[in-house]
Amino acid sequence: MNDLLLNLILTLDASFRVCTPLIFASMAGLFAERSGVVDIGLEGKLLMSAFIAASAASVFGSPWIGLLFAIFASCIFAMIHGLASITFKGNQIVSGVAINILASGLTMILTLAWFKSGGITPTLKGDERFLSITLPGVDIIDHIPILGVIYRELISGHNILVYLAFATVPLVWWVVYRTRFGLRLRAVGENPKAVDTAGLSVEGLRYKALLIGGILCGIGGAYIAIAHNAQFTKEMTAGQGFIALAALIFGKWHPYRVLAACFLFGFLDALAVRLQGVVLPVIGEIPVQLIEATPYILTVILLAGFIGKAIPPKASAQPYIKEL
Amino acid sequence: MTRDRRLSWINGLLLPLFNVLTAFLATAVVFILIDVNPIEATKVLIYGAFGYEEGIGYTLYYTTNFIFTGLAVAVAFHAGLFNIGGEGQAYVGGLGTALVALYIDPTLSAWLIIPLGISGGLLFGAMWAIIPAYLQAYRGSHIVITTIMFNFLASALMVYLLVHVLREVGQMSPQSKDFPDSAWIPFVHDVFAGMGIQIAQSPLNLSFIVALLFSAIVWFFLWHTRWGFAIRATGKSNDAAVYSGINPKKIIVVTMCISGALAGLVGINELMGVQHRLLLDFNYGYGFGGIAVALMGRNHPIGIIIAALLFGILYQGGMDLAFEMQNVSRHIIVVMQGLVILFCGGLEYLYRPILIRFLAPIEASE
């Protein structure tokens, strides 16, 4: 029994770590899509900022500098996306794809040019990355059965960015639903003409949304390279930007539901690692690929309208053209 | 000249030219950033692609894949659909081709097996596109999102099949057993040798001819058949299509199936043509490359052949470049693809305001 509990706690613990970048990226996507800009480029921004974070942390010897550079790089990509899809009214999906492919190529080219290696950055030593934090009181609570284990393994012992991710979600909720900016953001994604008529800048609001998205993706990317891992490796984001996109749809563009989706997808990922090669009673061995594919399958089923309906913001994917 | 004519001239010719040039210029900037002389790099690249027989063979071999995926993306674009799932459709299409090659009676004639293999690719590619198409047409989910999901599903499916089902007994790496000789699409150097002409060995095989053939078919289909008209009408205006008696939902499904089928042909070049077995990631990057090719080729088969050739040159020349110059790897091609998609796609209207401002007064005086 205790064994099962510990296993469960360890899987949940791993889920926290895995879902952190998903939370950052999906919250980034939430801002973009709520403002009416579809953000396929989450993956590219994660990858680029993971690479820049690892590079800067290694060169300057500080994770915080790595994080700053990562945010900067991600914001540049977000602004390229903005330039194409807001100012020049191009196809938002095409420019998102461009960002993903650019990031994939640039990270490979730059690792070679900067570090003379094919797709990896130098391994970060101890304090060059974000280390896990032991919360106060672990020793005291540890004596309490069950609760002690939960506190020690599950709640304590993550790095600062994990806690930041979970703190971000209520903040996003508050910004989107309780501030004037949030109201305008939601309006511009549903009915940009009304916002324009009210004398507000549609383009300005969308740029702001993308910039916030850029910052969040930057943190997410930095987490992957310099907190969860200790270096950048080739294509290390491995589709997490797309899973975040799936979580965003699965959570129907609402911060708390998106968080739940991120956690579900993170849990599935952690479970896939744990179940590798394990033979379960009755069912037998579950192919790891099936568990890994579950987020995508669930999202497709949801999109098909079989479990509720996912309705995106109305003006999503449409450039706003002012009538003269 | 009317305003509309003038716009079409600017949109159709000048803008694409400026956009491609900008993408090249941006690539040159990347070269300078990584301390490589762009002119030297271009020389090495062109020599690598055309300087010797083997290089030419490789160039055309890569071109073949880009023609297939470029056509796939273009057909969908004509119906106003963005098929971002070429990667997955190519992967699963290859499965169809491989199943034919692996399980058919190998004593049959190659004249039968190869067309069946091609059909397998077409069919499986189409199959992988039909669910996203159906969901878009009848359930209102967005084709871009579903095809992305299906790329990942394809990848998971293929890894599973290659690890657990199709892996050759006793083989460690996830790949199938070799195809029988009768399922090999002949290499061009072998064909030439048969005619008594010696040329350098390269992976170039007769799939290249198939690609050109399909380009012609796509051209004829889109501009000279009822279905082609219906597809283009749906892409231009959904409402107009409905008024002229076209059922856009049906068109969406048909178009996506054709698009997926075309992407599914990557497998004949890669598997029946070169590798002669099914293996992981043979499709890698061609599906996304097809987006760049279609955008650059303005969704017209001739434009696509030219753009595919350009990417073939870049792929092959890029390999030589990586070999010759320390600071460059062949991934510079990926950067360039990204830049082409950005400037020919996302930023396609970048120069329109400037061009119109400069050209309008000139034409008004005519």
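What we are looking at is a predicted model, in which local features need pLDDT of at least 70 and side-chain atom pairs count only at pLDDT 80 or more, while totals for chains, interfaces and linings use all residues. Residues are numbered from 1 along each chain as its sequence is written, and chains are lettered from A and ligands numbered from 1 in the order in which they are written.

Seven residues of domain 1 of chain B are in contact with six residues of domain 2 of chain B, where contact is taken to be C-beta atoms, placed from the backbone, that lie within 7 Å. On the domain 1 side, helix H1 (3-33) and H15 of chain B each supply at least two residues, and H15(B) gives the most, with five residues. Helices here are DSSP runs of H or I with at least four residues, strands are runs of E with at least two, and both are numbered from the N terminus.

Let me stay with H15(B) for a moment. At 1.5 Å a residue, the 15 residues of this helix, 332-346 of chain B, should span 21 Å, and the end C-alpha atoms are 20 Å apart, which agrees; the expected span is 1.5 Å times one less than the number of residues. Is H15(B) largely enclosed or open? Of its 15 residues, 15 are buried, so H15(B) is largely enclosed by the rest of the structure. A residue is buried if 20 or more other C-beta atoms lie within 10 Å of its own, exposed if 12 or fewer, and partly exposed in between, with C-beta atoms placed from the backbone.

Now to the core. The largest nonpolar core has 221 residues, and those with the most contacts inside it are Ala50(A), Ala53(A), Ala247(A) and Ile341(B); such a core is a set of buried Ala, Val, Leu, Ile, Met, Phe, Trp, Tyr and Cys residues joined through C-beta atoms within 7 Å. Helix H10 (residues 202-228) of chain A gives the most to this core, with 15 residues. Domain 1 and domain 2 of chain B both give residues to this core, so it lies between them. Leaving aside neighbours within four places in sequence, Ala53(A) is in contact with several residues, including Leu67(A), Phe69(A) and Ala222(A).

Turning to chain A, we find 13 helices and four strands, and buried residues make up 50% of its 324 residues. Leu68(A) lies in helix H3 of chain A and, with 17 C-beta neighbours inside 10 Å, counts as partly exposed. The C-alpha atoms of Leu68(A) and Gly218(A) are 150 residues apart along the chain, yet separated by 8.2 Å.

Finally, how many residues does each chain bring to the contact between chain A and chain B? The contact takes 37 residues from chain A and 37 residues from chain B. On the chain A side, the elements that give two or more residues are helix H3 (63-87), helix H4 (92-115), helix H11 (240-250) and helix H13 (288-303), and H4(A) gives the most, with 14 residues.

Methods. Contact = placed C-beta atoms within 7 Å. Domains from an automatic or database assignment.
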